[in-house]
Amino acid sequence: MSQTRVQRKLAAILAADVAGYSRLIREDEEGTFATLTALRNEIVDADIARFGGRIANTAGDSVLAEFPSVIEAVRCAIGIQHKIAERNAPVPEERRIRFRIGLHVGDVIDQGGDLLGDDVNVAARLEGLSEPGGICLSRAARDQVRDWIDVALEDLGEVPVKNIERPVRVFRVVMDGTARKMPGVRRTRPKKKPVIAAALAAAAIAVGVKWWQPWVPHVERASVKNLAYALPDKPSIAVLPFTNMSDDKEQELFSAGITEDIITDLSKVSGLFVVARNSSFTFKGKATKVRQIAEDLGVRYVLEGSVRRTGDKLRITTQLSDVIRGKHLWSERYDRNVSDVFAVQSDVAARVVKAMAVTLKANELDRLFQKQATNIDA
């Protein structure tokens with residue numbers, strides 16, 4: 001039986017979408033649609049074509065485009081953001097349409113003009129890490145443009161992103177030019193007193209790194225006024241379905257079971273408001289931003305994770321975010337035997353409670369570590 005050959009190619013991928021689009025549509029559907037159409041026609045689509053790009057697909061407020069040149073893709077993105085900022089200048093802050101843009105370069109599958117593959121997903125995740133009106137690049141894209149584009153970048157470090165096995169090294173384009181130039185740009189340096197200069201530079205870097213903390217992943221803040229429900233009086237959390245990272249689809253039930261057990265453990269704590277399984281599981285398999293999930297469920301904290309099981313070996317990763325404050329609170333990776341899964345679940349629940357500064361009652365700590373099942377197949 002003959003197999004259809006998959007068409008692959010190397011491309012620079014630009015992913016963009018509108019920040020706060022749901023709110024804008026809810027407040028003024030016709031006005032938002034008309035303004036977005038004008039921006040797309042006159043700036044976004046026009047600049048993509050002008051810099052040699054091709055729009056692969058669009059969906060409402062999002063755009064996915066490919067470029068044969070990473071340099072041209074970055075120039076295009078910067079131009080788009082500057083032009084939209086100028087167009088927004090006289091517009092009230094709450095009515096401004098601003099794009100987030102992510103840029104990556106990698107191998108993609110071209111299926112009838114649509115772009116598919118992990119590298120497309122990376123570009124989409126970078127877009128989600130961008131600020132409204134901002135641009136984020138992967139390390140692969142940054143390495144291609146470092147000596148060609150005179151822009152300042154901030155290194156946000158390696159950021160774990162949803163449905164991507166390895167963390168992504170993220171660089172943020174500084175649109176106001178206040179950050180340091182990107183590493184690798186050639187400069188002339190004074191040769192006088194090199195030892196003193198090196199010591200001063202090292203001290204400055206140490207202070208800057210301690211203050212800046214580039215290893216802390218960026219969390220897009222949710223708006224309290226956009227929450228579907230008012231925040232409860234006690235800390236509120238949604239536990240999202242843990243992603244099955246195994247090739248075996250049968251492990252979906254295993255991943256779901258771990259998620260449900262963590263929800264059950266956290267529900268035993270009287271000082272917590274925990275979103276029910278039926279609500280959090282509606283986001284299973286959907287590429288929804290954590291900010292949007294927090295706003296839809298009316299919670300402050302969101303716990304995400306992934307599970308990979310190979311035989312008796314188990315890897316569980318978790319991360320807890322305070323979405324209202326836009327802060328990443330805690331993350332951990334567990335490499336254990338499958339028989340240790342209950343201990344891992346209890347440890348995750350206990351560390352979440354600690355990170356959220358919830359005071360436990362006398363008997364709640366024991367209940368948190370109490371497990372009824374002992375057979376992993378159960």
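**Close-up views of a predicted model**

**View 1. Contacts across the whole chain.** In this predicted model, 70% of the protein chain's contacts between residues at least 6 apart in sequence join residues at least 24 apart. Welcome to a chain with eleven helices and 14 strands. Of its 378 residues, 44% count as buried. The accessible surface of the protein chain comes to about 20,300 Å², and carbon and sulfur atoms account for 51% of that area.

View 2. Val 18 counts as buried because its relative accessibility is 2%, under the 20% cut-off. Leaving aside residues up to four places away in sequence, Val 18 touches Leu 24, Leu 36, Asp 61, Ile 97, Arg 98, Phe 99 and Arg 100.

**View 3. Phe 67 in the largest nonpolar core.** This core has 38 residues, and Phe 67 and Leu 103 touch the most other members. Helix α3, residues 70-88, gives the most to the core, with nine residues. Beyond residues up to four places away in sequence, the contacts of Phe 67 include Ala 11, Ala 12, Leu 14, Ile 48 and Phe 51. Phe 67 also touches Gly 52, Gly 53, Glu 72, Ala 73 and Cys 76.

**View 4. A second core.** Our last stop is a separate core of 29 residues. Among its members are Ala 256, Val 269, Ala 349 and Val 352. In soluble globular proteins, nonpolar side chains tend to be buried together.

Conventions
Residues numbered from 1 in each chain as written. Predicted model: local features only at pLDDT ≥ 70, side-chain atom pairs only at ≥ 80, totals over all residues. Heavy atoms only, no water. Buried < 20%, exposed > 50% of the residue type's maximum accessible area, 1.4 Å probe, protein only. Contact = heavy atoms within 4.5 Å. Helix = DSSP H or I, 4+ residues; strand = E, 2+ residues; numbered from the N terminus. Areas by Shrake-Rupley, 256 points an atom, 1.4 Å probe, with all protein chains shown as cover. Core = buried A, V, L, I, M, F, W, Y, C linked by side-chain atoms within 4.5 Å.
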